[in-house]
Amino acid sequence: MWKNVPLFPEQASTLASEVDALYLTFLGISIFFGLLVAGLVIFFAIRYRRRAEDEIGRPEKAGIWLEITWSVIPLAILLGMFAWGAKVYIGAFRPPSDAVEYFVTAKQWMWKFQHPQGNREINELHVPVGQAIRLTMTSEDVIHSFFVPAFRVKADVLPGRYTTLWFEATKIGTYHLFCAEYCGVEHSKMGGSITVMEPADYEMWLAGRDTGPSVVASGQKLFRVKACSTCHRPDSATLAPILHGLFGEEVELEDGSTQIVDENYLRESIMNPIAKLVRGYKPLMPTYQGQITEEEVLQLIGYIKSLASDATENQGPESDSSSPASTPDEG
Ligand code: CUA
């Protein structure tokens with residue numbers, strides 16, 4: 001069985017070769033200095049050994065340039081390692097702007113996926129090759145961790161919060177997905193696969209299934225069903241902030257601080273609306289905690305994000321905090 005376990009997983013994403021190059025270089029540097037130090041310890045132990053019973057040690061004076069050299073060279077190497085590591089790390093956690101967003105909901109003990117087109121999958125995810133994929137992930141219960149060794153990506157999936165991950169697959173194939181955080185008795189079975197397909201095959205795969213409504217359409221429907229639309233109307237800013245064009249903007253809160261409207265803020269505002277109230281609004285909104293599933297929250301957020309593109313046609317976000325009492329018609 002061990003013969004089948006490769007030393008390194010396949011390289012199947014744009015990140016994989018970068019991570020491996022970084023890892024192997026660090027390993028090489030560590031081996032080089034490890035051997036150097038161990039070798040010198042042995043060499044000095046022999047070279048400067050006590051040769052006679054009554055021999056007394058004589059202090060050696062190291063030159064100042066030797067001291068400077070062995071301080072500056074390791075410093076430069078370590079700073080180089082830091083800069084390179086930081087670059088790879090930042091790249092790994094900043095999805096490119098053209099990344100397509102997929103949603104992931106983890107629960108004991110399965111992975112639930114939703115494609116932007118609406119398709120749902122469990123423990124399996126199909127994606128096109130050569131396309132940056134951004135995953136917005138949350139958990140319904142405990143902490144899980146999304147880990148695809150072939151893509152060299154791993155991120156914790158937390159209840160009550162969104163974490164994101166992105167990858168761009170470079171090779172057609174099926175790759176193992178693991179849960180990498182102990183999450184209960186069936187943790188070891190909480191795995192799945194990511195299937196990377198040619199874009200045309202992916203389109204066919206999508207078309208061959210009952211997609212159901214898209215994430216945005218589901219969110220739009222929920223927005224009506226849950227009566228969000230009663231207060232968050234584009235023609236009235238008196239009761240609640242207008243959501244068009246709000247995503248990604250900054251809002252001013254009751255205490256004068258500011259908050260970027262991101263996925264986590266939207267989720268918090270749905271579950272616990274009074275936590276961070278936008279300045280000028282009363283705490284009128286009821287909580288939706290327990291009345292809406294994590295997947296539904298993701299759909300609502302998907303819908304609210306889609307409203308961002310309509311910002312020019314509707315009330316801009318700027319006036320939300322400045323004059324909530326006036327309607328857009330007056331202003
Ligand atoms: Cu989920 Cu381990």
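Leu135 touches Tyr102, Val104, Leu125, Phe146, Thr163, Thr164, Leu165 and Phe167, leaving out residues up to four places away in sequence. Leu135 is also among the residues with the most contacts inside the largest nonpolar core. The model is predicted. The protein chain has 8 helices and 12 strands. Its radius of gyration is 28 Å, well over the 20 Å that the globule rule gives for 331 residues, so the chain is more spread out than a compact globule.

**Nonpolar cores**

- The largest nonpolar core has 37 residues.
- Those with the most contacts inside this core are Trp111, Leu135, Phe146, Phe151 and Ile194.
- Another core lies apart from the largest one and has 26 residues.
- Val261, Tyr288, Ile292 and Leu300 are among the residues of this other core.
- In soluble globular proteins, nonpolar side chains tend to be buried together.

**The chain as a whole**

- Along its principal axes, the C-alpha trace spans about 100 × 50 × 35 Å.
- Of the 331 residues, 37% count as buried.
- The chain exposes about 19200 Å². Carbon and sulfur atoms supply 60% of that area.
- Take the contacts with a separation of 6 or more: residues 24 or more positions apart account for 68% of them.
- The chain carries 28 positive and 40 negative charges.

**Leu266 in helix α6**

- Leu266 lies in helix α6, which covers residues 263–271.
- Leu266 has a relative accessible area of 6% and is buried, because buried means under 20%.
- Beyond its neighbours within four places in sequence, Leu266 is in contact with Phe247, Val261, Ile301 and Ile304.
- Val261 is also one of the residues of the 26-residue core.
- Leu266 and Ile304 are 38 residues apart along the chain, and their C-alpha atoms are separated by 8.9 Å.

**Asn119, a buried loop residue**

- Asn119 lies in the loop between β2 (110–114) and β3 (120–122).
- Its relative accessibility is 2%, so Asn119 counts as buried.
- Setting aside neighbours within four places in sequence, Asn119 is in contact with Phe113, Gln114, Trp205, Leu206, Arg209 and Thr211.

**Backbone features in loops**

- A cis peptide bond joins Gln108 and Trp109, with omega at about 0°.
- Trp109 lies in the loop between β1 (100–107) and β2.
- Asn123 is not a glycine, yet it has a positive phi of about 60°.
- Asn123 lies in the loop between β3 and β4 (124–128).
- At 23% relative accessibility, Asn123 counts as partly exposed.
- Arg152 is another residue other than glycine with a positive phi, near 60°.

- Arg152 is found in the loop between β6 (144–148) and β7 (153–157).
- Its relative accessibility is 15%, so Arg152 counts as buried.
- Not counting residues up to four places away in sequence, Arg152 touches Phe8, Pro9, Glu10, Gln11, Leu15, Ala16, Val19 and Asp20.
- Arg152 and Arg120 are 32 residues apart in sequence. From C-alpha to C-alpha, they are 24 Å apart in space.

**Ala200 in helix α3**

- Ala200 is found in helix α3, residues 199–207.
- At 54% relative accessibility, Ala200 counts as exposed, because exposed means over 50%.
- Ala200 and Glu55 are 145 residues apart along the chain. Their C-alpha atoms are separated by 82 Å.

How values were computed
Residues are numbered from 1 along each chain as its sequence is written. This is a predicted model: local features need pLDDT of at least 70, side-chain atom pairs count only at pLDDT 80 or more; totals for chains, interfaces and linings use all residues. Side-chain values use heavy atoms; hydrogens and water are left out. A nonpolar core is a set of buried Ala, Val, Leu, Ile, Met, Phe, Trp, Tyr and Cys residues joined through side-chain atoms within 4.5 Å. Buried means under 20% relative accessible area, exposed over 50%, partly exposed in between (1.4 Å probe, protein chains only). Contact means heavy atoms within 4.5 Å. Helices (H or I, at least four residues) and strands (E, at least two) are DSSP runs, numbered from the N terminus. The radius of gyration is taken over C-alpha atoms; the globule rule is 2.2 Å times the number of residues to the power 0.38. Accessible areas come from the Shrake-Rupley method with a 1.4 Å probe; for residues, only the protein chains shown count as cover. Lys and Arg count as positive and Asp and Glu as negative; His and the chain ends are not counted. The place of a charge is taken as NZ of Lys, CZ of Arg, CG of Asp or CD of Glu.
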